[in-house]
Amino acid sequence: MRDLAALVVPEAGRLARTGDDWEPYRLLDAAGAVVVPAAAYFAELQAAGCSVATIRSYGLDLLRWWRFLAAAGVAWDRATSSEARDFARWMQVADKPARVHWRHRDGGAPAAGAGRGKPAAGRAPGSVNAVTGKPAPGRKLAPSTRAHAETVIRSFYEFQLGAGRGPVINPFPLDRSRRAGRANAHHNPVDAFRNEKQGRYRPAVPLRIPRRIPDELFSELFAALGSDRDRALLAFWVSTGARAEELLTALQQHADPGQQLITVTRKGSRAVQPLPASPDSFVWLRLYQEGLWRNGAPRGRGEPLWQTLRRPWRPLGYHAARAMFGRANEHLGSNWTLHDVRHTAAWRMAKDPQMPITDVQWVLGHRHLSTTQIYTAPGQDEVIASALAHHERRSRRGAAPAAPPAAGYNPGSLANLFGGRS
């Protein structure tokens, strides 16, 4: 048994972005050398049509696994189910590692009070924000993060086994009920599919209803933005339901005010799809573009639609848009995310009785209709309001008056019989 309480997993190695389309990311070990098995796995993912964001997500899980193996003193091709079990336990019990700022990773200590401001509302780990009702990220890894890591590493070893490398047996085995074959083997077509567990060490992920931004809070969030560009972005996000990066990668030729459409490239399928947007989003877009062009920003069909507001002119990236959204959150004391805006758009369209759910599925770009149907379920605020209204109706109703006894019955005898006072 390994003493996990005394195990220290340092921030050894990193996932480096190369800027090369053929090899977008490289996994580097503690010595700065390329991890060759991970590079081969990344090439396999790229050949399977996975996006660069997927390769990055898988690479971060492999980096966490490589750091754990380095701390345990076990080579990747000598790992067994014992290491996989301890890794699952470590992710479940241990706190998240404290991230060291890149300015201080060379060993230098931060200056006294540097970067220490007043903590925003709801920033304490696990605390619930008073405005949004959303909990802040806790000190432990979320079950969805641990489940994703288990799936990624098990898939990595399956690829290595198929190529004749690595351990003889996958360290991350399937659940004991799945050893004999695939999930739902010999399934009866008349029965419903069972949600069978795949990995032995895969945690159960709770089903969460997407949280939307109420209309009154959305108006406050919109008013807290500092520029016409930010208002145009938010108006497009909430009217199209596009993901943040899908909209940020649009070019100026992709906006068609005449047809009230904006064209985006879907995240997973990479399909080019026009999305209908609200009229006010194009009004804010024109206000932003006129002000930007007056300042000398490049203008052309092939130029980025969303750019920085100051020189040098650069395309607006995801992290800059997230920082813009974070400043509005700090002003309101909330903790909304960019993906909450997509949930809000989906909820608004799904609640429209004149818009079929299949149309909502097409706009959101969901592969399965069941993914879109989660937005038809009532939200937490709706359920709470309905329950409070129920209690209010019960309190107003009061106790119904008792009917008088029929003629011929002695009221005193009835009181003694049913427990009343004589």
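Entry 1. (Axes are lines fitted to C-alpha atoms, for helices over the stretch in contact, and angles run from 0 to 180 degrees between N-to-C directions.)

A note to myself on the source: this is a predicted model, in which local features need pLDDT of at least 70 and side-chain atom pairs count only at pLDDT 80 or more, while totals for chains, interfaces and linings use all residues. Residues are numbered from 1 along each chain as its sequence is written, and side-chain values use heavy atoms, with hydrogens and water left out.

Next I checked who meets whom. From H6 come Asp230, Leu233, Leu234 and Trp237, and from H9 come Ala321, Met324 and Phe325 (contact means heavy atoms within 4.5 Å). I sorted these residues into six nonpolar, no polar and one charged (Ala, Val, Leu, Ile, Met, Phe, Trp, Tyr, Cys and Pro are nonpolar, Asp, Glu, Lys and Arg charged, and the others, Gly among them, polar).

Entry 2. I turned to H6 (residues 228-240) and H10 (residues 338-350), whose axes lie 6 Å apart at an angle of about 45°. That angle makes H6 oblique to H10. H6 brings Leu234, Trp237 and Val238 to the contact, and H10 brings Leu338, Val341, Thr344, Ala345 and Arg348. My tally here is six nonpolar, one polar and one charged.

Entry 3. Which residues of H5 are buried? In this helix (residues 215-223) I found Leu217, Phe218, Leu221 and Phe222 (buried is under 20% relative accessible area, exposed over 50%, partly exposed in between, with a 1.4 Å probe and protein chains only). They sit on the same side of H5 because they cover an arc of only 140° around the axis (the arc is that of the directions from the helix axis to the C-beta atoms). The buried residues pack against H6, H8 (279-294), H9 (318-332) and H10.

Entry 4. I followed the open sheet of three strands, which has the order E3-E4-E5 and antiparallel pairing (two strands pair if DSSP finds at least two bridges between them). E3 (255-256) and E5 (272-276) are the edge strands, each pairing on one side only. Between E3 and E4 (residues 261-265) I found two bridges, and alanine 255 stands opposite isoleucine 262 in E4.

Entry 5. I picked two single residues. Serine 239, in helix H6, is buried, with a relative accessible area of 18%. Leaving aside neighbours within four places in sequence, serine 239 touches Pro276, Ala277, Ser278 and Ser281. Glutamine 253 is in the loop between H7 (244-248) and E3, and at 36% relative accessibility it counts as partly exposed. Its C-alpha atom is 8.0 Å from that of leucine 305, 52 residues apart along the chain.

Entry 6. Finally, I looked at the whole protein. I noted 14 helices and five strands (DSSP runs numbered from the N terminus: helices are H or I, at least four residues, and strands are E, at least two). Of the 422 residues, 34% are buried.

Note on methods. Parallel < 35°, antiparallel > 145°, perpendicular 65-115°, else oblique.
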